Amino acid sequence: MSAAVISNRRSLQRRPGAVRVLSAVAAVVTVGVFPVFLVGGLGVQLQRELDFGAALLGVATAGFFGVAALASRSMGWVVERIGSRLAMRLGAAGSAACLFGMAAVQHSGWLVALLWIAGLPNSLAQPAANLLVTQGVPAARRGMGFGVKQSSIPVATLLAGAAVPAIALTIGWRWVFVFGGLLGLLAAFAVPALAEAERSSRASSAESSGDSKFVPLLLLAIAGGLGSAAANALGSFVTTTAVEVGFSPSAAGLVLSLGSAAGLTIRLAAGVVADRWNPNLLRLITAMLLVGSVGYVLMGAGSAELFLLGVSVGFGAGWAWPGLLNFAVARIAPDRVASATSFTQTGIYLGGSAGPLLFGFFAEHAGLGAAWLAAGTAAVVAGVLLLFIRTPRS
């Protein structure tokens with residue numbers, strides 16, 4: 001037996017399993033979005049102690065996604081040069097540092113500044129995680145892989161909601177950020193060694209090979225931005241709306257957790273469906289966005305019962321599509337996953353930035369009902385736009 005064959009076998013034996021890869025991806029992505037969703041989940045407590053309103057909460061959330069949008073393309077370039085493993089470690093460590101800083105803030109201005117800065121490590125971790133999924137997960141299970149990766153976001157909101165009664169209302173909201181920072185440090189060390197993840201890619205050749213794919217990627221970025229504009233209001237304003245319709249602050253946190261659990265379940269299920277039945281991914285995303293828009297409208301109806309139903313539908317359909325979108329992008333540009341997903345992620349970040357900002361404006365000037373109706377309209381437009389995209393095996 002040749003030395004090369006023996007070396008290849010040893011390499012395969014040392015190769016970490018898909019479960020370990022996805023566990024690390026889930027941990028890093030969860031920590032990356034922790035800052036923004038912890039601020040949203042703890043909105044009632046933070047506004048009360050630091051003395052700010054819904055508009056500033058919208059500005060803070062918008063800044064996180066705005067900074068991430070500005071940095072996303074550059075971060076995709078960085079990932080392709082330093083490798084997905086190092087990029088994920090740096091992203092997790094950076095998010096942990098921001099969380100520790102947020103635990104110590106004494107003024108709303110510092111909270112906003114740190115939340116904006118936290119957009120940088122998140123924009124690094126996202127394309128790195130997408131690339132690691134394609135490097136460490138078999139092709140036949142990649143839909144599930146992207147589903148697990150994107151399920152980290154509802155996990156973050158679920159934990160944020162659970163942290164309200166479990167930590168914030170017992171030992172104080174600052175400890176929520178401390179525990180989040182510690183999780184970030186653990187996540188940084190959890191990223192496994194993977195031969196492909198240590199190598200940088202040649203972005204110049206990848207970019208040139210993908211010129212013909214610019215138009216579908218651009219349309220995906222725009223549609224993703226509109227869908228994200230609607231969906232990101234969920235993480236930022238569910239608890240404040242819940243209190244408005246009659247829930248206690250503690251119960252409002254549990255409502256957020258309920259919605260996050262629904263989103264988590266559907267994201268995973270959508271990944272399984274994508275692997276087993278190979279549906280048209282873009283049409284499936286359209287259906288989810290249209291159903292989700294109904295949930296947004298129900299959340300603005302002013303009824304506690306309809307609000308609960310709306311939260312489940314909004315999270316379960318209106319915010320369960322990002323894994324499918326990243327999977328579609330990876331199919332369109334398999335030779336430059338980090339660069340292509342960082343491009344579409346720019347649109348998603350822009351939507352995530354503008355959505356909470358506009359939602360906060362509508363909420364203060366026209367009421368929460370009008371704000372949720374606007375979110376539903378954005379989701380419908382995003383779904384319709386996807387109908388005009390033609391991609392092979394999308």
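Mentor: A salt bridge here is a side-chain nitrogen of Lys or Arg within 4 Å of a carboxyl oxygen of Asp or Glu. This is a predicted model, in which local features need pLDDT of at least 70 and side-chain atom pairs count only at pLDDT 80 or more, while totals for chains, interfaces and linings use all residues. Residues are numbered from 1 along each chain as its sequence is written, and side-chain values use heavy atoms, with hydrogens and water left out.

Trainee: How many salt bridges does a search of the whole structure find?

Mentor: The search covers the whole structure. The number it finds is one.

Trainee: Which residue forms a salt bridge with Glu49?

Mentor: The closest N and O atoms of the pair are 3.3 Å apart, and the partner of Glu49 is Arg174. The pair links distant parts of the chain, 125 residues apart: Glu49 is in helix α3 (residues 43-50) and the partner, in helix α9 (residues 174-190), is Arg174. Helices (H or I, at least four residues) and strands (E, at least two) are DSSP runs numbered from the N terminus. The residue asked for is Arg174.

Trainee: Is Ser108 buried or exposed?

Mentor: Buried means under 20% relative accessible area, exposed over 50% and partly exposed in between (1.4 Å probe, protein chains only). Ser108, in helix α6 (residues 108-117), has 10% relative accessibility and therefore counts as buried.

Trainee: Which residues does Ser108 touch, not counting those up to four places away in sequence?

Mentor: Contact means heavy atoms within 4.5 Å. The residues touched by Ser108 are Leu50, Phe52 and Leu56.

Trainee: What is the phi of Asn278?

Mentor: Most residues other than glycine have a negative phi. Asn278 lies in the loop between α13 (249-277) and α14 (281-299), and is partly exposed at a relative accessible area of 33%. Although Asn278 is not a glycine, its phi is positive, about 45 degrees.

Trainee: Are α14 and α15 roughly parallel or antiparallel?

Mentor: Axes are lines fitted to C-alpha atoms, for helices over the stretch in contact, with angles from 0 to 180 degrees between N-to-C directions. Angles under 35 degrees count as roughly parallel, over 145 as roughly antiparallel, 65 to 115 as roughly perpendicular and the rest as oblique. The axes of α14 and helix α15 (residues 304-318) come within 7 Å and cross at roughly 155 degrees. The two helices are therefore roughly antiparallel.
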